Amino acid sequence: MARTVGIVGARGHTGAELIRLLAAHPGFELAAVSSRELDGQRVSAHVPEYRGELRYRSLAHEELGGLGLDAWILALPNGKSDACIASLATAGAHAGADVGVAVDARGPVIVDLSADHRFNDAWYYGLPELTRGAYAGQRRIANPGCYASAMQLAVAPMLDLLDGPVQCFGVSGYSGAGTTPSDRNNADKLRDNLMPYALVDHLHEREVTRHLGTSVEFMPHVAPHFRGITLTANMHLREAMDRDAVEARYHARYRTEPLVRVTDDAPWVSAIAGRHGVEVGGFTLSADGRRLVVVSTLDNLLKGAATQALQNLNLAFGYPETQGIPFD
């Protein structure tokens, strides 16, 4: 029996990617998509890959729990998830009854794409390549940020050798700024431009520092391209390394990860757009071997959001982690 899933905040770029993924997944049934702006319109009119009859609905937050769905994905701006969670917390849940996932009185599985619960130890922080060992049936899952995913996957294999803070220079396509008009998603202002913002104490800086357990300094920028992140991480090391040893660490760490590809050359963001994985490479060392620069790229709407949410849903319901995720 397919598990029923609803999406809140389905109008945005990530919402459309979630609809595409869920529509093609054999174990999930898209049962509700909430959007005030698109209320009453056919989902298929906006996401042609969806072939069903479902329409967008303007669901009040307090209505969500009464729908009795197995899971919800919250694709809302930061600070907007609590009312949804309060409604869902009182809902009866039947999720996972025949796949070994414990059912309890807290309601359905919730995957929150906002930052609201990434600092809450009661929620599972779902970056599967690094945290799946900590998953123990939690029904509340905080999806990591897009930049935060790229940073952590770039840095994690070197954690035990770091000497001081890691500096990360990030450039994102403007889809990362959402659909609400702003300078950071204004194509005219971004044309022939690179826009720096939040250059100290960015949310993702604090997120990565917390979850990696090491200090990270992050400088984000927005570029004129639509999707994809390039993240350059500058790491100082406690001992000298050569390139072969560094590459061996990354290959060993990610050898069994189907969504992570280690490359010799620095990956290009144009090559990752529309793809579901991460590329990490371009390993460059200083002459003394104690400074390492690594580049990672991912699609902010996919592995940085929707694809990772599907990995987490698969994990929660006992499906293979990459089920329903297209491979190149």
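## An exposed spot to start

Asp-192 counts as exposed, because its relative accessibility is 79%. You'll find Asp-192 in the loop between helix H6 (187-190) and strand S9. Helices (H or I, at least four residues) and strands (E, at least two) are DSSP runs, numbered from the N terminus.

Asp-192 has a phi near 60°, a positive value in a residue other than glycine. Asp-201 also has a positive phi near 60°, and it isn't a glycine either. Most residues other than glycine have a negative phi. Asp-201 sits in the loop between S9 and helix H7 (203-212). With 48% relative accessibility, Asp-201 counts as partly exposed.

## What kind of model this is

What you're looking at is a predicted model, with residues numbered from 1 along each chain as its sequence is written. Local features need pLDDT of at least 70 and side-chain atom pairs count only at pLDDT 80 or more, while totals for chains, interfaces and linings use all residues, and side-chain values use heavy atoms, leaving out hydrogens and water.

How confident is the predictor? The pLDDT score gives its confidence in each residue, from 0 to 100. The chain has a mean pLDDT of 92, and 93% of its residues reach 70 or more. Residues 92-105 are another story: pLDDT stays under 50 there, and the model has 32 contacts beyond four places in sequence for this stretch. A contact means heavy atoms within 4.5 Å. Where pLDDT is low, the predicted coordinates should not be read in detail.

## The seven-stranded sheet

Now for the sheet. Seven strands make an open sheet with mixed pairing, in the order S9-S10-S8-S11-S14-S13-S12. Its edge strands are S9 (195-196) and S12 (260-263), each pairing on one side only. Two strands pair if DSSP finds at least two bridges between them.

Strand S14 (residues 291-298) has partners in S13 (residues 278-285), through six antiparallel bridges, and in S11, through eight bridges, also antiparallel. Val-293 of S14 is the bridge partner of Asn-234 and of Thr-284. Elsewhere, Gly-281 stands opposite Val-295 in S14. Five residues separate the strands in the hairpin of S13 and S14, where Gly-289 has a positive phi near 75°.

Why is S14 largely enclosed by the rest of the structure? Seven of its eight residues are buried. Helix H5 (residues 146-155) lies across S8 (166-172), S10 (216-222), S11 (229-236), S13 and S14, and runs at about 40° to S11. That angle, on a scale from 0 to 180 degrees, is taken between N-to-C directions of axes, which are lines fitted to C-alpha atoms, for helices over the stretch in contact.

## Two nonpolar cores

A nonpolar core is a set of buried Ala, Val, Leu, Ile, Met, Phe, Trp, Tyr and Cys residues joined through side-chain atoms within 4.5 Å. The largest has 41 residues, and Met-158, Leu-231, Met-235, Tyr-250 and Leu-292 have the most contacts inside it. H5 supplies the largest share of this core, eight residues. A separate core of 35 residues lies apart from it, with Phe-28, Leu-54, Ala-71 and Val-111 among its members.

What does Leu-292 touch? Leaving aside residues up to four places away in sequence, its neighbours include Met-158, Val-246, Tyr-250 and Phe-283.

## Salt bridges across the chain

The whole structure has 17 salt bridges. Each is a side-chain nitrogen of Lys or Arg within 4 Å of a carboxyl oxygen of Asp or Glu. In one of them, Asp-121 meets Arg-210, with the closest N and O atoms 2.5 Å apart. This pair links distant parts of the chain, 89 residues apart: Asp-121 is in the loop between S5 (109-112) and S6 (124-125), and Arg-210 is in H7. Asp-121 is exposed, at 72%, whereas Arg-210 is partly exposed, at 37%.

Arg-227 and Asp-299 also form a salt bridge, at 2.6 Å from N to O. They are 72 residues apart, with Arg-227 in the loop between S10 and S11 and Asp-299 in the loop between S14 and helix H10 (302-317). Buried or exposed? Both Arg-227 and Asp-299 are buried. Through shared partners, salt bridges join Glu-17, Arg-20, Glu-49, Arg-227 and Asp-299 into one network.

Notes:
pLDDT is the predictor's confidence in each residue, from 0 to 100. Buried means under 20% relative accessible area, exposed over 50%, partly exposed in between (1.4 Å probe, protein chains only).
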